Structure formats: structure tokens, C-alpha cells
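Subject: A structure for you to look through

Hi,

Here is the structure I promised to pass on. Have it open while you read, and my notes on it follow below.

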Amino acid sequence: MSPPKSFHPTTTTTPKQATRRGERMEANKSNQAKLSRPSPASQPQIRVTAIMSNPNSPTSPDKINQLIDASKPILKKFTFSSFMGYCGGLTAKKVSKAMAIVIGAVFFGLQGLAYKGFIDIDWKKVQQEAVGKIDTNNDGEIDAEDLKTYWAKLKKILTTNMPDASGFSLGFFYGLTH
């Protein structure tokens, strides 16, 4: 039977060992104290201005107003098309995850049935058929050119009558990645 984790057997130390341990502890304390105290020159100077106005006014210096002010250059580039692209990207991300889960579950089920001997699956034939359906340039591989073709088709569909297709693309990419 092992002792509990909080059990610490007592050990005897010589006075010399205790002195060395005490010196190490004091050295560690002084090093920590040096690290925790920044020099006055490195501390930023902060000026606090008190405003005696309504805290609910649109000009009050709260965090959200400061964030909006700091984001003005980005917000100028933020368009309806980029917002729609972002929403589309988020949706595509969620739908693709759901599709991957369904495809994975079907794969597990088929593999389980094949393992038990209920069915035989020719995965090479399945791969050839799948690649044949997805491969747009008929080179026998799914590569970057195929992805570009599908992206062009999807972008054409999603940006029809949109005022800013480039903003849509940037928003869509951002929605996919975040």
C-alpha cells in the first residue's frame, strides 16, 4: 500500500545542508523581488482625465467607444458584401463539419460491416468513382486547380448582384478561418 500523495517522510538534515538550503531560498527570494519590481523608467505614464458628463452619452470614454474609435480604419473597409461573405464562410464551415461527421459515421458503419463479413467493399473502385466525379480537369487527381474551379463556381453563385465581390471573398475567407 502506497502512502497518500500528501505524505512527506521526514528526513534529517545536517546544519551545513540547512544553511545551503537557506542561502538558496534567500537568493531565490531576492531574484524574484528583482524580477517583480519594474524600474520607474520602464513604467508607462498614464494621464487620467475626469469628465463630469453623463456616462451614457455617446462621447463618454468607455471601452466600447474606444474600441470603435480604434477600429475606424477597419470599419471603413467593412461592407455589406464582406459581412455577407463572413456569414457565408461561417455557414460553410459549420456545414462542412457536419458533412464530415456524417461521412465519417457512414465510413465507420461500412467498415464495421466489412469487418464482420456482411459486405465486401472495393475501396479502390470507390476512390476512382469519387475522384472521377470531383475532378474537374480530368487529370485523375483532386488538386488545387480543381479547388479553384469549384471556388469560381461557388463565388459566381454567391456574388450574383452583390455590390462588392472582393469584399465578399475576404469576408468568406475570414468566416472560414475564424
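Some terms first: helices (H or I, at least four residues) and strands (E, at least two) are DSSP runs, numbered from the N terminus. Buried means under 20% relative accessible area, exposed means over 50%, and partly exposed is in between (1.4 Å probe, protein chains only). The residues of H7 that count as buried are Gly167, Phe168, Ser169, Gly171, Phe172 and Gly175.

Before you go further, a word on where this comes from: it is a predicted model, in which local features need pLDDT of at least 70 and side-chain atom pairs count only at pLDDT 80 or more, while totals for chains, interfaces and linings use all residues. Residues are numbered from 1 along each chain as its sequence is written, and side-chain values use heavy atoms, with hydrogens and water left out.

Back to H7, which covers residues 165–177.

What does Ser81 touch, not counting residues up to four places away in sequence? The answer is Met162, Pro163, Asp164, Gly167 and Phe168, where contact means heavy atoms within 4.5 Å. Two of the names there, Gly167 and Phe168, also belong to the buried residues of H7.

Now zoom out. The chain has 7 helices and 0 strands, so from the N terminus on you can read the elements as α-α-α-α-α-α-α. Of its 178 residues, 10% count as buried. Among contacts between residues at least 6 apart in sequence, 44% join residues at least 24 apart. The accessible surface comes to about 15,600 Å², and 63% of that belongs to carbon and sulfur atoms. Accessible areas come from the Shrake-Rupley method with a 1.4 Å probe, and for residues only the protein chains shown count as cover.

There is also a nonpolar patch on the surface, made of Val102, Val106, Phe107, Phe108, Leu110, Leu113, Phe118, Trp123 and Val126, with about 870 Å² of accessible area together. Patches are made of residues with over 30% relative accessible area and no salt bridge; like charges are joined within 9 Å, and nonpolar side chains (Val, Leu, Ile, Met, Phe, Trp, Tyr) within 5 Å. Which helix gives the most to the patch? That is H4, with 6 residues. Helix H4 (80–116) and helix H5 (123–134) each supply at least two. Leu113, one of the patch residues, lies in H4 and is partly exposed, with a relative accessible area of 38%.

On to the aromatic rings. Rings of Phe, Tyr and Trp (its six-membered ring) pair if their centres lie within 6.5 Å; planes under 30 degrees apart count as stacked, over 60 as edge-to-face and the rest as tilted. By this rule the count comes to 5 aromatic pairs. Tyr86 and Tyr174 form a tilted one, 5.7 Å centre to centre with 35° between the planes. That pair links distant parts of the chain: Tyr86 is in helix H4 and Tyr174 in helix H7, 88 residues apart. Tyr86 is partly exposed at 27% relative accessibility, and Tyr174 is partly exposed at 45%. Phe107, Phe108 and Trp123 form one aromatic cluster, and these residues are in the nonpolar patch too.

How many salt bridges does a search of the whole structure find? It finds 1, a salt bridge being a side-chain nitrogen of Lys or Arg within 4 Å of a carboxyl oxygen of Asp or Glu. The side chains of Lys148 and Glu145 meet in it (3.8 Å, N to O). Being 3 residues apart in helix H6, they are separated by about one helical turn. Lys148 is exposed, at 54% relative accessible area, whereas Glu145 is partly exposed, at 43%.

Last, look at the loops. Asn138, in the loop between H5 and H6, has a positive phi near 55° in a residue other than glycine. Asn161, in the loop between H6 and H7, has a positive phi of about 65° although it is not a glycine.

Happy browsing!
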